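Please go through the structure shown below together with the paragraphs that follow it.

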Amino acid sequence: MIGLQLFAIALAVLAPLAMWAAHRRRPQPGIERAFALTIGISLLLLYCAGLLEKFVDGELDAAHALPMQLCDWTLMAVAAALFWRWQTCFEVAYFWGLCGSSQALFTPAIPNELEVLRQLTFFLDHAGIIAGILFLLLVPRMRPRSFSRAVVWSEIYLVLALVANALTGANYGFLAHKPAQASMLDLFSQTHALYIAEINIVALVFFLAAYAPWWIADRLRRTRRAGAVN
């Protein structure tokens, strides 16, 4: 599994960096658009492949196959942003992907004995999410403009995932219990209500850290403009 993990991390970073380097030398909108479409379509195909693998393994049921993992929502948001440059989809993908999907690449919550094809699907779709976000940041130069929208959509996801877990007995978003594999969630409380609150608080802290560079850049830009006017 380590080999697949390292390959996915390298792919997630190097592919968009290569497109960015080519864009700096000479923008080629046709190639860049094709690259974006390739990532978006690949993400959707990987999602469908994951469902097929669950069907083969007898896990295509409400407790395992509903699109209620946070990375499912992130995948759809990244694909929509790649296809249509939707700002809201990009923003939620930016926060969820960089703060959540990246952790899944570095600390994958999947068992080592999982079939190789399912491991490959897991790593490739998470790598595709990160690659898509980095591409949108570097080439069309999209950026998050609203912190609050990501918070609102996160709370919507939280409520819906909790309802889905209650109705199906699932563990979508790891909101019912901690994953069996080691993760940052092991540091959280054993009391369920406190556990959910801690997830919310830590997510907010990560979101603030992800938004801070943009907020600082905006403040510096406004300060320079004010100084130029004066």
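**Helix packing and its surroundings**

H3 and H4 are oblique to each other, the class left for angles that are not under 35 degrees (roughly parallel), over 145 (roughly antiparallel) or 65 to 115 (roughly perpendicular). The model is a predicted one, in which local features need pLDDT of at least 70 and side-chain atom pairs count only at pLDDT 80 or more, while totals for chains, interfaces and linings use all residues. Residues are numbered from 1 along each chain as its sequence is written, and side-chain values use heavy atoms, with hydrogens and water left out.

Two packed helices are described by the angle between their axes and the distance between the axes. For helix H3 (residues 70–84) and H4 the angle is about 135° and the axes are 8 Å apart, where axes are lines fitted to C-alpha atoms, for helices over the stretch in contact, and angles run from 0 to 180 degrees between N-to-C directions. Helices here are DSSP runs (H or I, at least four residues; strands are E, at least two), numbered from the N terminus. The crossing of H3 and H4 is left-handed, a term that applies if the near helix is turned anticlockwise from the far one by less than a right angle, with clockwise giving right-handed. The contact (heavy atoms within 4.5 Å) involves residues of H3 including Cys71, Trp73 and Ala77, and residues of H4 including Phe90, Trp96 and Gly97.

A search of the whole structure finds 14 aromatic pairs, counted for rings of Phe, Tyr and Trp (its six-membered ring) with centres within 6.5 Å, and called stacked for planes under 30 degrees apart, edge-to-face over 60 and tilted for the rest. The rings of Phe90 and Tyr94 have centres 6.1 Å apart and planes at 40°, so this pair is tilted. Phe90 and Tyr94 are separated by about one helical turn because they are four residues apart in helix H4 (residues 87–106). Phe90 is buried at a relative accessible area of 0% and Tyr94 is buried at 5%, where buried means under 20% relative accessible area, exposed over 50% and partly exposed in between (1.4 Å probe, protein chains only). Tyr94 also pairs edge-to-face with Phe95, at 5.1 Å centre to centre and 85° between the planes, and Phe95 is buried as well, with 0% relative accessibility. One aromatic cluster is formed by Phe90, Tyr94, Phe95, Phe147, Phe207, Tyr211 and Trp214.

What does a search for disulfides (cysteine sulfur atoms within 2.5 Å) find in the whole structure? The search finds zero disulfides. The sulfur of Cys71 has its closest cysteine sulfur in Cys99, 12 Å away, and therefore too far for a bond. Cys99 is buried, with a relative accessible area of 10%.

Arg85, in the loop between H3 and H4, has a positive phi of about 60° although it is not a glycine, and Arg85 is partly exposed at 29% relative accessibility. Phe174, in the loop between helix H6 (147–168) and helix H7 (192–229), has a positive phi of about 55° and is likewise not a glycine; Phe174 is partly exposed at 28% relative accessibility.

Finally, Ile2 lies in helix H1 (residues 2–25) and counts as exposed at 55% relative accessibility.

Terms used
A disulfide is a pair of cysteine sulfur atoms within 2.5 Å.
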